[in-house]
Amino acid sequence: MDRLLNQLVEKLQKAHGKGLRSVILYGSGASGDVHGVYSDLNVMCVLDRIGPKELEASEPVFKWWREKGNPAPLLMSRDEVLTSSDCFPIEYHDIAERHRVLHGEDVTAGLTIDDAFYRAQVEHELRAKLLRLRQKAAGVLSDRDLMLRLMADSVSTFCVLARHALLLAGHSAPWPKREVVSQLREAFGIEGRAFDMLLGLREGQTRPRSLDPGSLFSTYLEEIAALVAVVDRLER
């Protein structure tokens, strides 16, 4: 992982020169909760300015990074970092709590996060990801391997959102995904059995052939829906 991150920084430096202010690793990579092919590395890349020239310079780097199985870096200007915490409280809370500066300055140091829309963002992301999960599942329901891969790919994101649901409700919110699921049981009464099984699949502890994708998917949807309902009630 470190070798890959060093390569990314070198490519970004070559692409942007002195205009590259900061490169920051956040998410599971920064928290140490990484598991093989199912994990990706989330990176924030901060430039002095972002225009067509900077986007053109970024294109080959971003393409290479995506080919390594990672999402494209979060590309922002320094001014955007300082003024957009109210729009992206989930991301900023994650970065503020656990991040690793790979290059340049820590542009998030001392940043005040505006939580005015925090609950709304968590609910929006949960509902949007649930809708997307259903859409994708509708096209692969008859293929057990694709169904298992779809669920295993998505569970990390839902664990991240579950962690923020815990924070919103005033509960302790650990970083390891297994501990998040355990806390869901204690705080909200959500069993999390499907979450646990999918995490076992991601970690190589559960054999795919031992799982029934249809039954697992049904339970998984129920648990996600219960989490959505919890966050919806927090508004009231």
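**Helix packing and nonpolar cores in a predicted model**

Helix α7 (residues 144–168) packs with helix α9 (residues 193–202) at an angle of about 110°, their axes lying 9 Å apart. That makes α7 roughly perpendicular to α9. The model is predicted. Its largest nonpolar core has 39 residues, and α7 gives the most to this core, with twelve residues.

**Contact of α7 with α9**

- On the α7 side, the residues that meet α9 are Leu-148, Met-151, Ala-152, Asp-153, Val-155, Ser-156, Phe-158 and Cys-159.
- On the α9 side, Phe-195, Leu-198, Leu-199, Leu-201 and Arg-202 meet α7.
- Sorted by class, this contact of α7 with α9 has ten nonpolar residues, one polar residue and two charged residues.

**Burial of α9**

- Helix α9 is mostly covered, with eight of its ten residues buried.
- The buried residues are Ala-194, Phe-195, Asp-196, Leu-198, Leu-199, Gly-200, Leu-201 and Arg-202.
- These buried residues of α9 pack against α7, α8 and α10.
- Just after α9, Gly-204 takes a positive phi of about 80°.

**Contact of α5 with α7**

- Helix α5 (residues 89–97) and α7 cross at roughly 85°, and their axes come within 11 Å.
- That makes α5 roughly perpendicular to α7, since angles of 65 to 115 degrees count as roughly perpendicular.
- From α5, the contact uses Ile-90, His-93, Asp-94 and Glu-97.
- From α7, the contact uses Val-160, Leu-161, Arg-163, His-164 and Leu-167.
- The residues of the contact of α5 with α7 divide into four nonpolar, two polar and three charged.

**Nonpolar cores**

- Within the largest nonpolar core, of 39 residues, those with the most contacts are Leu-126, Met-151, Phe-195, Tyr-220 and Ile-224.
- At least two residues of this core come from each of α6 (118–138), α7, α8 (177–188), α9 and α10 (213–234).
- Of these, α7 gives the most to the core, with twelve residues.
- Leu-126 is in contact with Phe-158, Leu-161, Leu-227, Val-228 and Val-231, leaving aside its neighbours within four places in sequence.
- A second, separate core has 17 residues, including Leu-4, Leu-25, Val-61 and Trp-64.

**Arg-119**

- Arg-119 lies in helix α6.
- Its relative accessibility is 17%, so Arg-119 counts as buried, the cut-off being under 20%.
- The side chain of Arg-119 makes a polar contact with the side chain of Glu-123, at 2.6 Å.
- Not counting residues up to four places away in sequence, Arg-119 touches Leu-168, Val-231, Asp-232, Leu-234 and Glu-235.

**Ala-15**

- Ala-15 lies in helix α1 (residues 2–16).
- Ala-15 is partly exposed, because its relative accessible area is 26%, which falls between the 20% and 50% limits.
- Leaving aside its neighbours within four places in sequence, Ala-15 is in contact with Ala-57 and Val-61; Val-61 belongs to the second core.
- Ala-15 and Ala-128 are 113 residues apart in sequence, and their C-alpha atoms are 34 Å apart in space.

Terms used
Residues numbered from 1 in each chain as written. Predicted model: local features only at pLDDT ≥ 70, side-chain atom pairs only at ≥ 80, totals over all residues. Heavy atoms only, no water. Axes fitted to C-alpha atoms, helices over the stretch in contact; angles between N-to-C directions. Helix = DSSP H or I, 4+ residues; strand = E, 2+ residues; numbered from the N terminus. Parallel < 35°, antiparallel > 145°, perpendicular 65-115°, else oblique. Contact = heavy atoms within 4.5 Å. Nonpolar A, V, L, I, M, F, W, Y, C, P; charged D, E, K, R; others polar. Core = buried A, V, L, I, M, F, W, Y, C linked by side-chain atoms within 4.5 Å. Buried < 20%, exposed > 50% of the residue type's maximum accessible area, 1.4 Å probe, protein only. Polar contact = N/O pair within 3.5 Å; in protein donor to acceptor, adjacent residues only side chain to side chain.
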